[in-house]
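Please have the viewer open as you read.

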Amino acid sequence: MAHATPNLCRAYAKWRTSQPQARFKFGPGYRYATAAEVPRVGDQTARRELGVLSAAFGYAHSEHKLLYPVPVSMPDRAPARDRWLSRSQAAALLLAALGFRPTGQRDAKGNEIWRRPREKARPGEERGRAMFVQRHVARFILAGLYTGTRHEAILRLKWIESTDGGFVDLRSGIIYRRGTAEGESSKRRTPIPMSKRLAAHMRRWRKNGAYVIEFEGKPILRLRRAWTTARKGAALGEEITPHVLRHTFATWAVMAGVPFGKVARALGTTEQVVEQVYGHHLPEHLRGVVETVSRGGRS
């Protein structure tokens, strides 16, 4: 503990950010040929790891295992991400997940025309099947856009009450985002009602499977390649991760004038966080400025 000096913490952060990300493989046949080409660990990862160390020191001090608290020096917190989807971008992402691709043509109203490419018909088939169809990704997108639920919580949703994950109650129209035996954490997973539109989708999705989001009858631990395929099909950049759906839900709600407190309860966070991260999207916060100007500067 006595060795946890600011210099040592900074040295750890420098060493950690020089390491390759473990989730990327390299070698013949992979995206990266050598370890030197693999993306490095981010400084926010080092910050989180040092934060765990700081929490451990704090707990030890509260339990009287340490005579004094040990300060831990960490990299600066990154600014909050402000990436969200417009309505047209969200529609494009959903279309791409359903197998549609832009044709480069426009209709009489100027709207881009999307079509489903098809594979060549196999022997005995009249028509080829649609390519790139990823219905599980489309379900994930709708659930994320309409509820603001986190990535992992959506993938763990079941149709019946569960101890290790949330479930969808079609009778009451409520999504319970936390399992009955799961303890509450800092990332609160409060229940949220479904909109009529999402509830209608959920009723159509209800089949014999246990999970709301499944692929070939099996649950999904994390969306990666399928998400990337849909994202590229919609011509969206790498910054569009599954978590952007949560930001989009909150941003659309604030833009519509929903009070910060209600948005916070829907997200399972605090009103202060919503105001800090999404408050600048509220149109009303500029009303005083424009009214002052229109009155000739008389406030």
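Which residues of helix H10 (residues 271–278) are buried? They are Val274, Val277 and Tyr278, where buried means under 20% relative accessible area, exposed over 50% and partly exposed in between, with a 1.4 Å probe and protein chains only. Seen down the axis of H10, these buried residues fall within an arc of 80 degrees, so they line one face of the helix; the arc is that of the directions from the helix axis to the C-beta atoms. On the other side of H10 you will find Gln272 and Gln276, which are exposed.

Before going on, a word on the ground rules. This is a predicted model, in which local features need pLDDT of at least 70 and side-chain atom pairs count only at pLDDT 80 or more, while totals for chains, interfaces and linings use all residues. Residues are numbered from 1 along each chain as its sequence is written, and side-chain values use heavy atoms, with hydrogens and water left out. Helices (H or I, at least four residues) and strands (E, at least two) are DSSP runs, numbered from the N terminus.

What covers the buried residues of H10? The cover includes helix H8 (244–255) and helix H9 (260–267). H9 and H10 pack at an angle of about 105 degrees, with their axes 8 Å apart. Here axes are lines fitted to C-alpha atoms, for helices over the stretch in contact, and angles run from 0 to 180 degrees between N-to-C directions. That angle makes H9 roughly perpendicular to H10, since angles under 35 degrees count as roughly parallel, over 145 as roughly antiparallel, 65 to 115 as roughly perpendicular and the rest as oblique. On the H9 side, the contact (heavy atoms within 4.5 Å) is made by Phe260, Gly261, Val263, Ala264 and Leu267, and on the H10 side by Glu271, Val274, Glu275 and Tyr278. These residues divide into six nonpolar, one polar and two charged. In this scheme Ala, Val, Leu, Ile, Met, Phe, Trp, Tyr, Cys and Pro count as nonpolar, Asp, Glu, Lys and Arg as charged, and the others, Gly among them, as polar.

Now turn to another helix pair. Helix H3 (residues 87–97) and helix H7 (residues 225–233) pack at an angle of about 120 degrees, with their axes 8 Å apart. H3 and H7 are therefore oblique to each other. In this pair, Leu93, Ala96 and Ala97 of H3 meet Trp227, Ala230, Arg231 and Gly233 of H7. By class, that contact has five nonpolar residues, one polar and one charged.

His64, in the loop between H2 and H3, has a positive phi of about 65 degrees although it is not a glycine. His64 is exposed, with a relative accessible area of 71%. Phe132 also has a positive phi, near 65 degrees, and is a residue other than glycine. Phe132 sits in the loop between strand E2 (112–115) and helix H4 (135–147), and counts as partly exposed at 37% relative accessibility.

Finally, zoom out. The chain holds 11 helices and seven strands, and its C-alpha atoms fill a box of roughly 75 × 70 × 40 Å along the principal axes. Of its 299 residues, 36% are buried. Among contacts between residues at least 6 apart in sequence, 53% join residues at least 24 apart.
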